[in-house]
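Biologist: I am new to this structure and would like to learn how to read its features. Please take me through them in order.

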Amino acid sequence: MRWSLNIGTIAGTAVRVHITFLLFLVWIFAADYASGGPDEAWTGLLFMVLLFACVLAHEFGHIFTARAFGVATPDVTLLPIGGVARLERIPEEPRQEFLIAIAGPAVNVVIGLGLVALAGAHLNVGALSGVDNAHISMLDRLAIVNLFLAVFNMIPAFPMDGGRVLRALLASRMGYTRATEVAAAIGQFVAYLLGFIGLFFNPLLIFIAVFVYLAASSEAHMVALRAMAHGVPVTNAMMTQIARLTPQAHVDEAVQTLLRTSQSEFPVVDAADKPVGLLGRGDLIRALKQLGPDARVADVMTTKVPTVGHRSCLEDALRLLQEKAAPAVAVTDAEGRLVGLVTSETIGEMLMLRDAMPQGATWGPWSRPTGAT
């Protein structure tokens, strides 16, 4: 994630802190210092650090459970609104997704009840309204907040864990794609409800409502893409009229190529036309500013280019786009030569074309079933 700092690695997963999280801690410290002096400021800062340690433990609950099912977990990022663990894929087997989703809230429950049983904390609901009150025991605040986090995360709406638990339960009866559509619709309804409540009680709920609504829409869109790509040859969705660059080319040559085409990603190929890198529009502009027009493409390109064979299915390319967070996937022939390029834009265009088709119509490998929306 951009604007984040790597502060270390835990069990092979990089732990990152977003710059906004650091600014949030500074704001908390300054606010407490202004209202209660240095002692209250340091106490408040310690509480927030411990709270986000619990959030990090929550995310590692997801991470370790995901690893048990063979899902790689490259990194986790702390934000002011919580933590985000990046899983290379979300399992479509309902049992696996259920266990991965429930593991995070379960960690918070264990922490909350553990503080009560082992440290003598008291569960006081009133502490929720005074989490910044230094006169309430820090253990009491941590215990009740952990239980609140567990309950809050079980709201049946993406991206909360409850949304994924709901989808897992529905998928065991109606299939993964339909379960996602239903869960996303429920999530959007929850977003409307939160927004309505926020108008009268807490404006922060409006922000959360917008976040939940967009996340639910994004999840439904991604699953629709995967469903559309299932069984479709990658050759039916790849770009074949592609402007190529060579590693020895200068940045100014790449700029001229950019101006002549509508591409946003340019494959870099060697003398045998095999992909050796990728240069995006943003990277190209950045290189022009920082290194000048005489810099070589080889010095600014991305060398890790995911590839699929020309006999692969589109879903393989889509999976690589998601798992590697790659801007494009190169399609190669049996000799490893570049024959096409698949980007998220090309797949999105295929989805638009499919959605524009009349119900029951078929075009190429795509069809729109009767009753599809």
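**Reading the strands, cores and crossovers**

Modeller: Strands E3 and E4 run antiparallel and are joined by 5 bridges. Helices (H or I, at least four residues) and strands (E, at least two) are DSSP runs, numbered from the N terminus, and two strands pair if DSSP finds at least two bridges between them. Within this pair, Asp75 stands opposite Arg86 in E4.

Biologist: What should I know about the numbering and the model before going on?

Modeller: Residues are numbered from 1 along each chain as its sequence is written. This is a predicted model, in which local features need pLDDT of at least 70, side-chain atom pairs count only at pLDDT 80 or more, and totals for chains, interfaces and linings use all residues, while side-chain values use heavy atoms, with hydrogens and water left out.

Biologist: In what order do the strands of the open sheet lie?

Modeller: Strands of a sheet pair through backbone hydrogen bonds, either parallel or antiparallel. Here 4 strands form an open sheet with mixed pairing, in the order E1-E2-E3-E4. E1 (4–10) and E4 (82–86) stand at the edges with a single partner strand each, so one side of each has no neighbour in the sheet. On average, neighbouring strands of this sheet are turned by 25 degrees against each other, direction ignored. For such angles, axes are lines fitted to C-alpha atoms, for helices over the stretch in contact, and angles run from 0 to 180 degrees between N-to-C directions.

Biologist: How many bridges join E1 to E2, and how many join E2 to E3?

Modeller: E1 and E2 run antiparallel with 6 bridges, and Ile10 stands opposite Thr13 in E2. E2 and E3 run parallel with 4 bridges, and Arg16 stands opposite Thr77 in E3.

Biologist: Which helix packs on the sheet?

Modeller: Helix H1 does, touching E1, E2, E3 and E4 (contact means heavy atoms within 4.5 Å), and its direction makes about 150 degrees with that of E2. E2, H1 and E3 also make a left-handed β-α-β unit. A crossover is right-handed if, with the strands pointing away from the viewer, the path from the first strand over the helix to the second runs clockwise.

Biologist: Which residues touch the most other members of the largest nonpolar core?

Modeller: A nonpolar core is a set of buried Ala, Val, Leu, Ile, Met, Phe, Trp, Tyr and Cys residues joined through side-chain atoms within 4.5 Å. The largest one has 24 residues, and Met48, Leu51 and Val76 touch the most other members. Strand E2 (13–18), helix H1 (19–68), strand E3 (75–79) and helix H3 (138–153) each supply at least two residues of this core. H1 gives the most, with 12 residues. Not counting residues up to four places away in sequence, the contacts of Val76 include Val15, Leu56, Phe60 and Ile63. A second, separate core of 19 residues includes Ala229, Val232, Val329 and Val331.

Biologist: How is strand E8 placed among its partners, E7 and E9?

Modeller: E8 (residues 328–332) is mostly covered, with 5 of its 5 residues buried. E8 pairs with E7 (residues 307–309) in the parallel sense over 3 bridges, and Thr332 is the bridge partner of Gly309. From E7 the chain crosses through helix H9 (residues 314–323) to E8, in a right-handed β-α-β crossover. With E9 (residues 338–343), E8 runs antiparallel over 5 bridges, where Gly340 is the bridge partner of Val331. The hairpin of E8 and E9 has 5 residues between the strands, and Gly336 in this hairpin takes a positive phi near 85 degrees.

Biologist: How many disulfides does a search of the whole structure find?

Modeller: The search finds 0 disulfides, a disulfide being a pair of cysteine sulfur atoms within 2.5 Å. Cys54 is buried, with a relative accessible area of 10%, whereas Cys313 is partly exposed at 26%.

Technical notes:
Buried means under 20% relative accessible area, exposed over 50%, partly exposed in between (1.4 Å probe, protein chains only).
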